[in-house]
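I kept these notes while looking through a model on screen.

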Amino acid sequence: MDADQPTASAIAVANGRILAVGSDAEIEPLAGPETRRIAGEGRSLLPGFVESHLHLFSGAAELDDLHLTHVHGLDALTREVRNYAAAHPDAPFLMAQHADYAVISQSERVTRHHLDAILPDRPFAMMAADHHTVWANTLALEAAGILHGRRLGPGNEIVMGDDSLALGELREFEAFASVLMLTGKGRAGLGLSTGGEPDPLPSPEEREADRAILRKGLAYAARHGITSLHNMDGNFYTLELLTEIEAEGALTVRAKVPFHFKAFMETADLDKASLMAETYRSDWISSGFVKLFYDGVLDGWTALMIDPYADKSDWRGEPLFAPERFDDLACEIDRRGLQIAVHAIGDGAVRAVLDAYERAREANGERDSRHRIEHIEVTTAADIPRFAELGVVASMQPPHPPGAMDFPVEPTASMIGRERWPWSYPWRTLKEAGALVSFSSDWPVADISVLRGIKAALTRKPWADDMPGQSFTLHEAIEAYTAKGAYAGFADDRLGSLKPGYLADFVILSSDIEAVTPHEIDTLDVAMTVCGGKVSYDAATSG
Ligand SMILES: [Zn+2]
């Protein structure tokens, strides 16, 4: 990732930084008697991966839940849920992750009645992979106090049945927040659900339990070659716990944590974002950006579209913020010198966020703001060039396009509709239009594995012959997972490339990534991860 020296055979590291990169003959004389030598043996060594969009705390808290990836059909679902329930006889609440929207069938959505038939006597809920929809059984809806519905803010919905009782499908965070509180892992999800702080204050034991969750998440990231991550939810509590882990000497990944601004907050609450930015600004733990959601997701019809959904002719979704208010917020965040990262999935949301960034530039003048749009699942020909014009980072996820990795093509492709396919998940179209594209997983929405993500980026196939190809080359994909992520995080002057003086963050793979076909990339593994010159993962010593 260094244009002046694209490849080399040896690297020297000292005091957490890269000393030199070059040939064996150039590097060897730098070694002293105490130097630890690691033989590469023909394996690839790359800059440490920059995961530019994930959810560390809630992702780690979910690792022990039931996982339903690739579970299809009522029989398979029944078997999985009952086995999990039998294996966890004392759990007060049973939670499953990664349920497919079409888990039962393409034509029928899950209701509480299906879940009651599977598990009538214990509260159970399952989360969609995208984390924007939850399905709950009757006991869970009752315990959460929403069986009879509840008034919610725009963009959120408790789907009601003909009997005036909740049908079991809960769309967006406000709708399912009370269900998630029943799981006992509510504190890990606060940065996402409310952006607020735990109340009451956690006891020392609870804090330690939460640090243990985060340590587990950090180890999981390091095991996948990640050396920097941009968390996409946050609060002071997350930053404090990470700081405590750093003090223990156990922080193995650099973390950036935002202030999460929700629609119910006051503009003055941005003081907290500024305070976070001032307080946390080291190479290991930093803040400095504000995360917002402008819309929801395609599969729940909560993403905001310019024209109606292909399968719902009277519905375009609705924004989570009134456009005028959002413009004002963007101007104010930008005026404070903070970066903005906005979840925008439908083309209507992408356009509104670009409009807001344009307004902010008009109001405050041009600066190196690196404002970001997260996901960009559908956009328009007219909005593609605006990314480069406005200097907006396109933060995109190779595992997300239906059919690219673990998510099925349907029902999503039919909800988007054929006319919008050419502008759906348009990584390459954006890149060719001059946009800066960074890659990530959005874990736990998708598998955290960067190697699987690279494979998805290289092997993506169009859904139809007349749709432009969006795949990346190997070098482009690695760049989007390293140097471009570093740029998105304002760290490209010190990480994301292997250059003298840069932080010693790198990953050694199990073999040569350039020697395998794109389809074989996921047969490689991470052999070793080094962050700040310290080994954060070593396959040889890990169980
Ligand atoms: Zn996310």
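**Entry 1, ground rules.** I am working with a predicted model, in which local features need pLDDT of at least 70 and side-chain atom pairs count only at pLDDT 80 or more, while totals for chains, interfaces and linings use all residues. Residues are numbered from 1 along each chain as its sequence is written, and side-chain values use heavy atoms, with hydrogens and water left out.

I looked up which residues coordinate the zinc ion. They are H53 (NE2), H55 (NE2) and D442 (OD), at 2.1 to 2.2 Å. Donors are N, O and S atoms within 2.8 Å of the metal (3.2 Å for Na, K and Ca); water is not among the atoms, so sites may look incomplete. Along the chain the donors have the spacing H-x1-H-x386-D. Are H53 and H55 buried or exposed? Both are buried, where buried means under 20% relative accessible area, exposed over 50%, and partly exposed in between (1.4 Å probe, protein chains only).

A nonpolar core is a set of buried Ala, Val, Leu, Ile, Met, Phe, Trp, Tyr and Cys residues joined through side-chain atoms within 4.5 Å. The largest one has 125 residues, and M126, L292, I373 and F387 have the most contacts inside it. Helix α12 (residues 347–364) gives the most to this core, with 7 residues. Helices (H or I, at least four residues) and strands (E, at least two) are DSSP runs, numbered from the N terminus. Apart from this core I found another, of 21 residues, including L141 and L165. I then checked F387: leaving aside neighbours within four places in sequence, its contacts (heavy atoms within 4.5 Å) include V350, L354, I373 and L430.

Two strands pair if DSSP finds at least two bridges between them. I traced an open sheet of 6 strands in the order β13-β15-β16-β17-β18-β19, with parallel pairing. Its edge strands are β13 (259–260) and β19 (436–439), each pairing on one side only. Strands β17 (residues 372–375) and β18 (residues 393–396) pair over 3 bridges, and the bridge partner of E374 is S395 in β18.

Another open sheet has 4 strands in the order β3-β20-β21-β22, with antiparallel pairing. β3 (45–47) and β22 (534–538) each have a single partner strand, so one side of each is left without a neighbour in the sheet. Strands β20 (residues 506–509) and β21 (residues 526–531) pair over 4 bridges, and I508 stands opposite M528 in β21.
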